Amino acid sequence: MQLFSILILAFAFQNATAQLDKLAVKFNTGMSFSKPGDDLGEVADKGKAMQLFASLEGSYHVNFTKNTKFGFKGAAVIGRDWANFLAADRSTELKVAVTSAKLRVYPLSYDGNIEDGLEQLLPEGLPFLVEIPVYIGIYSVFNSLHFDYGVGSGKILETAYVDEVNFQDETVKRTMKYFGWGFQPQIFQSDSEKWSCNAVFDFGKYSWKNAGGGTSSFKSNHVGFGVQYNF
């Protein structure tokens with residue numbers, strides 16, 4: 001009976017280990033560039049151009065079939081975005097901080113060395129001048145193209161922009177929706193395939209309902225880099 005229990009535990013551990021190797025965690029950071037839209041865009045303009053962003057992602061790869069390492073990847077992402085806007089008359093500024101939770105999908109992913117996957121995708125016999133843009137196009141999508149949907153908890157502080165303005169600070173909180181997409185191409189992978197680095201080119205939009213019933217929004221575009229660990 002004890003031997004039977006040990007065999008069951010060993011099988012369960014082996015199965016769990018096989019699943020863990022499809023897990024990965026990634027940390028991204030860099031600069032965020034924002035632009036106000038909808039109702040907010042009617043009363044505010046771009047402020048300080050570059051703000052920080054940071055995100056932590058946990059992902060899981062799913063093969064299309066048992067006989068291939070190609071598949072898709074689903075991920076959960078928590079992040080922090082900052083944005084800055086100026087009132088149209090330059091009297092006040094808006095300081096925005098958003099904590100977000102997003103679901104992310106990579107429609108084309110490869111569970112292994114990225115070069116091995118690229119060799120299987122690239123067509124053979126292409127002229128050199130055609131092969132280069134085809135390679136760049138596939139590389140941009142491979143383990144990179146993704147789509148995001150999520151929610152954010154935003155804190156918006158309106159404060160005086162110039163000392164001559166006598167303005168009492170006002171803070172409002174809004175629940176926001178987020179939709180975005182982008183590319184995070186891999187730029188390095190270790191020989192063990194455990195560690196990798198990536199660039200970040202993400203494009204998204206936060207939107208929310210105002211107290212008066214209208215809709216405000218701002219675009220939040222990211223440029224940066226990330227580090228990923230594959231279990």
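**Reading terms from a predicted model**

Q: In which element does Asp38 lie?
A: Asp38 has its place in helix α2. A helix here is a DSSP run of H or I of at least four residues, a strand is a DSSP run of E of at least two, and both are numbered from the N terminus. The model is predicted, so local features need pLDDT of at least 70 and side-chain atom pairs count only at pLDDT 80 or more, while totals for chains, interfaces and linings use all residues. Residues are numbered from 1 along each chain as its sequence is written, and side-chain values use heavy atoms, with hydrogens and water left out.

Q: Why is Asp38 called partly exposed?
A: Buried means under 20% relative accessible area, exposed means over 50%, and partly exposed lies in between (1.4 Å probe, protein chains only). Asp38 has a relative accessible area of 41%, and therefore it is partly exposed.

Q: How do you know whether Glu193 is buried, partly exposed or exposed?
A: The relative accessible area of Glu193 is 30%, so this residue is partly exposed.

Q: Why does Ser59 count as buried?
A: Ser59 lies in strand β3. Its relative accessibility is 3%, and therefore it counts as buried.

Q: Which residues does Ser59 touch?
A: Contact means heavy atoms within 4.5 Å. Leaving aside residues up to four places away in sequence, Ser59 touches Lys22, Leu23, Ala24, Lys73, Gly74 and Ala75.

Q: What makes Val151 partly exposed, and which residues does it touch?
A: Val151 belongs to strand β6. At 45% relative accessibility it counts as partly exposed. Not counting residues up to four places away in sequence, Val151 touches Thr99, Ser100, Ala101 and Met176. Its C-alpha atom is separated by 31 Å from that of Phe188, 37 residues apart from it along the chain.

Q: How do you know that the buried residues of α3 line one face of the helix?
A: In helix α3 (residues 114-121), Ile114, Gly117 and Leu118 are buried. Seen down the axis of α3, the buried residues fall within an arc of 100° (taken from the directions from the helix axis to the C-beta atoms), so they line one face. The face turned away from the buried side carries the exposed residues Glu119 and Gln120. The cover over the buried residues of α3 includes β4 (70-87), β5 (92-110), α4 (128-141) and β8 (186-189).

Q: Which atoms meet at the start of α3?
A: A side-chain oxygen of Asn113 comes to within 2.8 Å of the backbone nitrogen of Glu115.

Q: Why is a space called a cavity or a pocket?
A: On a 1 Å grid over the protein atoms alone, a cavity is a set of points where a 1.4 Å probe fits but cannot get out; a pocket is an open set with protein on both sides within 12 Å along at least five of seven lines, and lining residues have an atom within 4 Å of a point.

Q: How many cavities of 30 Å³ or more does the structure hold, and what lines the largest?
A: The structure holds one cavity of 30 Å³ or more. The largest cavity has a volume of about 100 Å³. It is lined by 18 residues, and Phe53, Ser55, Lys102, Arg104 and His222 are the closest to its centre. β4 gives the most to this lining, with five residues.

Q: What lines the largest pocket?
A: The largest pocket has a volume of about 430 Å³. Its lining has 24 residues, of which Tyr110, Asp111, Gly112, Gln228 and Asn230 lie nearest the centre. β1 gives the most to this lining, with three residues.

Q: Which residues are closest to the centre of the second largest pocket?
A: The second largest pocket holds about 340 Å³ of space. Of its 16 lining residues, Leu40, Leu94, Ile156, Glu158 and Val172 are the closest to the centre.

Technical notes. Polar contact = N/O pair within 3.5 Å; in protein donor to acceptor, adjacent residues only side chain to side chain. Points joined across faces, edges and corners; volume = space filled by probe spheres on them.
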